[in-house]
Amino acid sequence: MMRAPASPRVAYPVMYHHWSTMTFLHWRYPPAVVRPLVPDGLTVETFDGTAWVGLTPFLMEGVRTPGLPALPWLSRFPETNLRTYVRDERGRGGIWFLSLDAGRLPAVLGGRAGYGLPYFWSDMSVRADEARVRYRCRRQWPEPSGARCDVDVAPGTELAEHERDALAHFLTARFRLFTLIANRVAAAEVEHPPWPLRSAHLVRLEQDLVEAAGLPAPDHSPLVHASPGVPVRVGMWGW
């Protein structure tokens, strides 16, 4: 088994989350296709010579700030992120978000204002039973609205040792997000334990979030992972 990279310690978190019922869908893309969507100051990170684009639907739970309790309605909602992987001029790896869809408007407004992230308010749901997880997403605001993402997956067993390889960690063990603040690249660290990764079977996928972000539609089946989730501590962004 190849161990996941160690998480940083976020000593002064500004947010607490629990990322639950997570599915990772990943496609290979030529780096030159992804590059125009990444700002100056960041370079597209590759694995085996290709860039990777991930679609990650999940359930956000326990959202709160330090010193305050989680609120039942505001602190639990679906989210779906479209992302790729980058390095900054200091050589630090992390995530560049192409879009983030969330089912709570306050979360969308907070993510846009506080972190400069491309959040969208969407009509979303996550429904899970013993056999299948169903994610639904219809983008509502801001315009253009209408982009969608419907995903049905059948989670499998915990990954075998040989399946927890360098590629699985490259795609999932990410502890830093990049954004633009005042037209400058900024970064925020996130702390969480290693993902308890499972295999998963993709039953259904109908989406155009990838195309809405400016990429061509995937021309091959995605690599699929699933996880019951991890608790997360989110740090403030810095230069």
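Trainee: Which strand does β8 pair with over eight bridges?
Mentor: With β11, residues 198–207, in the antiparallel sense. Strands here are DSSP runs of E, at least two residues, numbered from the N terminus, and two of them pair if DSSP finds at least two bridges between them. This is a predicted model, where local features need pLDDT of at least 70, side-chain atom pairs count only at pLDDT 80 or more, and totals for chains, interfaces and linings use all residues. Residues are numbered from 1 along each chain as its sequence is written, and side-chain values use heavy atoms, with hydrogens and water left out.

Trainee: Thanks! What stands opposite A154?
Mentor: H201 in β11.

Trainee: And how many bridges join β7 to β8?
Mentor: Six, and these strands run antiparallel. C137 stands opposite C149 in β8. Their hairpin has six residues between the strands, and G146 there takes a positive phi near 105 degrees.

Trainee: Switching to helices: which residues of α2 are buried?
Mentor: V108, G111 and Y115. Buried means under 20% relative accessible area, with a 1.4 Å probe and protein chains only. Helices are DSSP runs of H or I, at least four residues.

Trainee: Why are they on the same side of α2?
Mentor: Because they cover an arc of only 90 degrees around the axis, taken from the directions from the helix axis to the C-beta atoms.

Trainee: What covers them?
Mentor: The cover includes β5, β6 and β12, where contact means heavy atoms within 4.5 Å.

Trainee: What follows α2?
Mentor: G116, with a positive phi near 65 degrees.

Definitions and conventions:
Buried means under 20% relative accessible area, exposed over 50%, partly exposed in between (1.4 Å probe, protein chains only).
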